[in-house]
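Work through the following exercises with the sequence and the structure side by side. Try each task on your own before you read its solution.

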Amino acid sequence: MEDATELAPAVRSILSAARDRAAEGRTDRVDADPRDLRAAFDRAEADGRVPLIAEIKPTSPTTDGTRGDDPVALAEGMVAGGAAALSVLTEPEHFGGSVAVLERVREAVDVPVLRKDFVVAESQLDAVESDVVLLIARFVGDDLPELLAAARDRGFQVLVEVHDREELTRALDAGATTVGVNNRDLAELVVDLGTFESVAPHVSDEVTLIAESGIGSPGDVRRMRAAGADALLVGSAIMDGDVEANTRALTRAEADDGDHRDTTETPT
């Protein structure tokens, strides 16, 4: 696993809490019947929307305050705004999430739902049924191939998160087919969209590539898409204000940009 000394204090605390939860263990195995994430992205593309995973994130160590709206209402607003899929935080101590919220959200919507948590042991996969689970390459280290296989054996689709080319290589060697590149450095918590731009060229077209973190405007969306993002995962920029309007602004980023160019370039 990751050397904790190379992580920011907040991230070390998250990882420590995840290991504590893993030690509690579970006896009931979860078998998932997932909604197809790639198909959801394809439907968004066909509809002229940027494929977007909108994240329900009540709070986080990198944001101020807590949003206490009904998560089901937030989820429905995000879907109404064009989100192809949702991400629900289930980490309780640092992000205010819970598996109960994920269950409620997944029952209320018909799009794929990603469980956003910090899985470091196979037992944590059995906490709740979702369509997609997250494995963070830096957190799970050499256990990635085994955890990826265990998740798939339960029926989950798996998003493997990486931060650099070395982690990308490990993810691809483990058999990852959906890869997220996190623009937030886990040592300093600094966001740099150039992270995705540096990693994306080394991913084949057969892999579904998702840009994560630091995407706050339609311009950011277009930048990540131009760099090769098949989809985007956005939390804070959507949670800050009207979630339906914020989601729509991002999912329409390419279409609205095209409309603007068409208008300005038409001869009078």
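**Exercise 1.** Find the residue whose side chain makes a polar contact with the side chain of Thr-90, and describe where Thr-90 is placed.

*Solution.* Step one is the contact itself: the side chains of Thr-90 and Asp-117 make a polar contact at 2.6 Å, where a polar contact is a pair of N or O atoms within 3.5 Å, and, within protein, one must be able to donate a hydrogen and the other to accept it, while residues adjacent in sequence count only if both atoms are side-chain atoms. This is a predicted model, in which local features need pLDDT of at least 70 and side-chain atom pairs count only at pLDDT 80 or more, whereas totals for chains, interfaces and linings use all residues. Residues are numbered from 1 along each chain as its sequence is written, and side-chain values use heavy atoms, with hydrogens and water left out.

Step two is the position: Thr-90 lies in the loop between S2 and helix H4 (92-95); helices (H or I, at least four residues) and strands (E, at least two) are DSSP runs, numbered from the N terminus. Step three is the accessibility: Thr-90 counts as buried because its relative accessibility is 4%, given that buried means under 20% relative accessible area, exposed over 50%, and partly exposed in between (1.4 Å probe, protein chains only). Step four is the neighbourhood: leaving out residues up to four places away in sequence, Thr-90 touches residues including Gly-97, Leu-102, Arg-115 and Asp-117, contact meaning heavy atoms within 4.5 Å.

**Exercise 2.** In what order do the eight strands close into a barrel, and how is S4 placed among its partners?

*Solution.* Begin with the barrel, which closes in the order S1-S2-S3-S4-S5-S6-S7-S8 with parallel pairing; two strands pair if DSSP finds at least two bridges between them. Neighbouring strands of this sheet are turned by 25° against each other on average, direction ignored.

Next, follow S4 to its partners. Strand S3 (residues 113-116) is joined to S4 by two bridges, and Arg-115 stands opposite Val-133 in S4. Strand S4 (residues 132-136) pairs with S5 over five bridges, again in the parallel sense. Within that pairing Val-133 stands opposite Val-158, and Leu-135 has Val-160 as its bridge partner.

Finally, consider the two faces. In a regular strand the side chains alternate between the two faces of the sheet. In S4, Val-132, Leu-134 and Ile-136 are buried on one side, and Val-133 and Leu-135 are buried on the other. Five of the five residues of S4 are buried, so S4 is largely enclosed by the rest of the structure.

**Exercise 3.** Which residues of helix H8 are buried, and what do they pack against?

*Solution.* First, list the residues: in H8 (residues 165-174), Glu-167, Leu-168, Ala-171 and Ala-174 are buried. Their directions fall within an arc of 130° seen down the helix axis, so these residues line one face of H8; the arc is that of the directions from the helix axis to the C-beta atoms. An α-helix has 3.6 residues a turn, so residues three or four places apart point the same way. On the other side of H8, Glu-166 and Asp-173 are exposed.

Second, look at the partners, among which are helix H7 (144-153), strand S5 (157-162) and strand S6 (178-182). Third, examine the ends: at the start of H8, a side-chain oxygen of Asp-164 comes within 3.2 Å of the backbone nitrogen of Glu-166, and after the helix comes Gly-175, with a positive phi near 100°.

**Exercise 4.** Carry out the corresponding analysis for helix H2, and say which of its residues are buried.

*Solution.* The buried residues of H2 (residues 37-46) are Leu-37, Ala-40, Phe-41 and Ala-44. They cover an arc of only 100° around the axis, which puts them on the same side of H2. At the start of H2, a side-chain oxygen of Asp-36 reaches to within 3.0 Å of the backbone nitrogen of Arg-38, and just after H2, Gly-48 takes a positive phi of about 80°.

**Exercise 5.** Is Val-181 buried or exposed?

*Solution.* Locate Val-181 in strand S6, and then read its relative accessible area, which is 0%, so Val-181 is buried. Its C-alpha atom is separated by 7.5 Å from that of Val-199, 18 residues apart along the chain.

How values were computed:
Axes fitted to C-alpha atoms, helices over the stretch in contact; angles between N-to-C directions.
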